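Hi,

Here is the structure I promised to pass on. Have a look at it first, and then read my notes below.

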Amino acid sequence: MPPPKDVVKIAIQMVGAIPQLIELEQSKPLAAVLKDVCDAWSLPNAEHYALQYVDGRQTYITESNRREIKNGSILRLTTSPDQEAERLYSGIQSKNVDVKTDSLKKLASLSQDVTFAQEFISRNGLKQIYSIVEEGNDTGEMLAHTLKAFTELMEHDFVSWENLSTVFIKKIVSYVNMNVVHASIQQLSLSILENMVPTSRLFFDLVKKEVTLDCLLTHLQATNAQLQLKAMALLIAMLLTANDAERRDMMDHLREKNIRQFIHKNIVHSSEPLGDEMAHYLYVLQSVSLNLCENRMRTSMDPYSQEQRELLQSLRQTAFESESEAPASNFNAERRRSLCAKEFRKLGFTNNSNPAEDLRRAPPGLLALDNMVYFARNTPNAYSRFVLENSSREDKHECPFARSSIQLTLNLCEILHIGEPCSETAQAFYPMFFGQDHFFEELFCICIQLVNKTWKEMRATQEDFDKVMQVVREQITRTLALKPTSLEIFKTRVNVLNYSEILKLRQTERLHQEETLAVPVLELRERLKPELLELIRQQRLLHLCEGTLFRKISSRRRQDKLWYCRLSPNHKVLHYGDVEEGVLSPPIESLPEKIPVADMKMLLVGKECPHMKEKSSGKQNKDVLELAFSIMHDVEECLNFIAPTRYEFCLWTDGLNVLLGKEMTSERTQTDLDILLSMELKLRLLDLENISIPDTPPPIPKPPSSLNFCYDFSHAEQ
């Protein structure tokens, strides 16, 4: 007979004693349970003891988390959190170096537990840690344990980062700037500064002053991957906290130090695989750099600005210098204006008498003018060839340089998400971005020549302008999707993808769509669907059995704590638990926590999730909401997830819905189903290639008037 719902069978261990096997009544007060356990071992003062998990993070059992105990759990009787906190509080003040070091080591381990952390902080334990850092000169093992304990204690958000003293911060900064300190101490120091910078403008100014960009670049070039990662994390935190002017200055300094080339060579193209965390930081660095263009993109041209008018005139002079230079001085003002208007028309401005009007549209604003000037100055031959070649064409076939440049700049801003806030979880960056200093301008130079090439291939007229720009946008997005590693490779691939290739791709996609819309094919699709949906269900469950590495994300920053979750091979239990960095696929036995599939009640996604409701909406980026899901189990308890990617979100939510006996609802299900149906249909219709399939089946012929048409073999034998 199975035990009642509020009773779990567990084992309790204690050093030097025979383990107890008990039935834990969840309705019974924890103090009474502890007294019974202590009485069984004849231990006095039951209030000085507590229960703790043996495996995993060894969390203390409290009234708030006791419902997480599952059948078969192994617990340990140990000193209560308040007693342990008191002992370690005294131990870290000891004059004996060994006692102090051991106490700090134990403190660093236990501080991960929220119950212990609360007890230790309530005794003003953080003040003692501040003193060890501020007054101590140790730079070895003791300091490493101290900083680790401090980081873990602050992780629980009981104390604000703004309470830190300037002396403490400067001491942490000094460890970052020292060359002789162990790498683990520098990693912890960089992590502390990364947490601290976003919390206060005062702290940001202090860190910016004390930790120079050159120092961060030195750590970034270290061979130690973790030190490199923490240095990048602090750099990103400073860039995100800085105001626009400071951010621009910092990026200019990084450009002078050739950070892009270093990242391109030593991180993007490193022999070691790029981790998720570093990929995210590279995405943010790319986004911050591109967003420096936002101000120019949103600023309209001022017709009264002398500087802007000179930039505009330089475009005309560069293109038509040989034509207009000699005779211009002999013309009167009216003739000069007429000549200028004619030349601006040849340049492709819609309003040739006042070309500044074309640039009043924002976005792309002045960014379009900047791109045109960059193209004219840095590739004068290509610029002159573009303008003069189109000047000699018939009016209706000329490709308007200015109009094309303005629209192309707008398209590139949309494709590269310029002006949009950074995502908290995205990892998609373009490797070629880090191979070029003036990436956006150089990309424009390649693409504006692509516009002219495509215009000629399409034999376009002015009425076809929008069609040409749509084709060019498709050429750019299809090529960027291939993730070229350099602008040269991008240029080669985008030019190979000419208009005829785009037409072929479109035609293939259209024919495929037309084939799949025939009535008999649609009927065949419906017959195939159940079998293929079952195949997708099996794939989802197989993915859950393989498991996924998830990250814990707090409101302050991207966390670097990891946990793993996977489904048992018999599809009856979800196993999960914390893991260390670098563990890719932990065995199922090493994951201490369990949730029986039979106890799962509901799947929650997005804003419905408890961990999304708890956090203020201002701190929650939209994409985090799109990756969040929770499993409700037992009595209103939830296991909360934030998927690393949208792909993982789709696979996990589908798999959990399969376990709950519900339909798979993610967009990935439809995509996979379409791919499988397409493949299956192509295989089945292979013999019908180039044969048109009628919408209705051919009529069945009438039966013959006489069925006596069987050949009589007996007559033939005679």
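What follows is a short tour of the domains, a sheet, the salt bridges and the aromatic rings.

A word on the ground rules before you start. This is a predicted model, so to speak of local features I need pLDDT of at least 70, side-chain atom pairs count only at pLDDT 80 or more, and totals for chains, interfaces and linings use all residues. Residues are numbered from 1 along each chain as its sequence is written, and side-chain values use heavy atoms, with hydrogens and water left out.

Domains first. The protein chain splits into domain 1 (7–79), domain 2 (83–288), domain 3 (298–321 + 336–509) and domain 4 (530–613 + 621–672); these bounds come from an automatic or database domain assignment. Taken over C-alpha atoms, the centres of domain 1 and domain 3 are 70 Å apart.

Now the sheet. Four strands make an open, mixed sheet in the order S2-S1-S4-S3. Strand S2 (20–25) and strand S3 (49–53) are at the edges with a single partner strand each, so one side of each has no neighbour in the sheet. S3 and strand S4 (residues 74–79) run antiparallel and are joined by five bridges, with alanine 50 opposite threonine 78 in S4.

Next, salt bridges (a side-chain nitrogen of Lys or Arg within 4 Å of a carboxyl oxygen of Asp or Glu). The whole structure has 33 of them. For the surroundings, buried means under 20% relative accessible area, exposed over 50%, and partly exposed in between (1.4 Å probe, protein chains only).

- Aspartate 205 bridges to arginine 201, with the closest N and O atoms 3.3 Å apart. Both sit in helix H9 (residues 201–210), four residues apart, about one turn of the helix.
- Glutamate 457 and lysine 453 form another, at 2.9 Å between the closest N and O atoms. Both belong to helix H21 (residues 439–458) and are four residues apart.
- Arginine 478 pairs with glutamate 474, the closest N and O atoms being 3.0 Å apart. Here arginine 478 is partly exposed at 27%, whereas glutamate 474 is buried at 16%.

Salt bridges that share partners also join Arg540, Asp654, Arg668 and Asp672 into one network.

Finally, the rings. Rings of Phe, Tyr and Trp (its six-membered ring) pair if their centres lie within 6.5 Å; planes under 30 degrees apart are stacked, over 60 edge-to-face, and the rest tilted. That rule gives 24 aromatic pairs. Phenylalanine 433 and phenylalanine 439 have ring centres 5.3 Å apart and planes at 70°, so the pair is edge-to-face. Phenylalanine 433 is buried at 2%, and phenylalanine 439 is buried at 1%. The charged end of arginine 260 also sits over the ring of phenylalanine 433, 4.1 Å from its centre (the rule is NZ of Lys or CZ of Arg within 6 Å of the ring centre and within 35 degrees of the ring normal).

One more group to look up: ring pairs link Phe550, Trp563, Tyr576, Phe629, Phe641, Phe649 and Trp652 into a cluster. In that cluster, phenylalanine 550 and phenylalanine 629 are both buried.

Cheers

Terms used. Helix = DSSP H or I, 4+ residues; strand = E, 2+ residues; numbered from the N terminus. Pairing = 2+ DSSP bridges.
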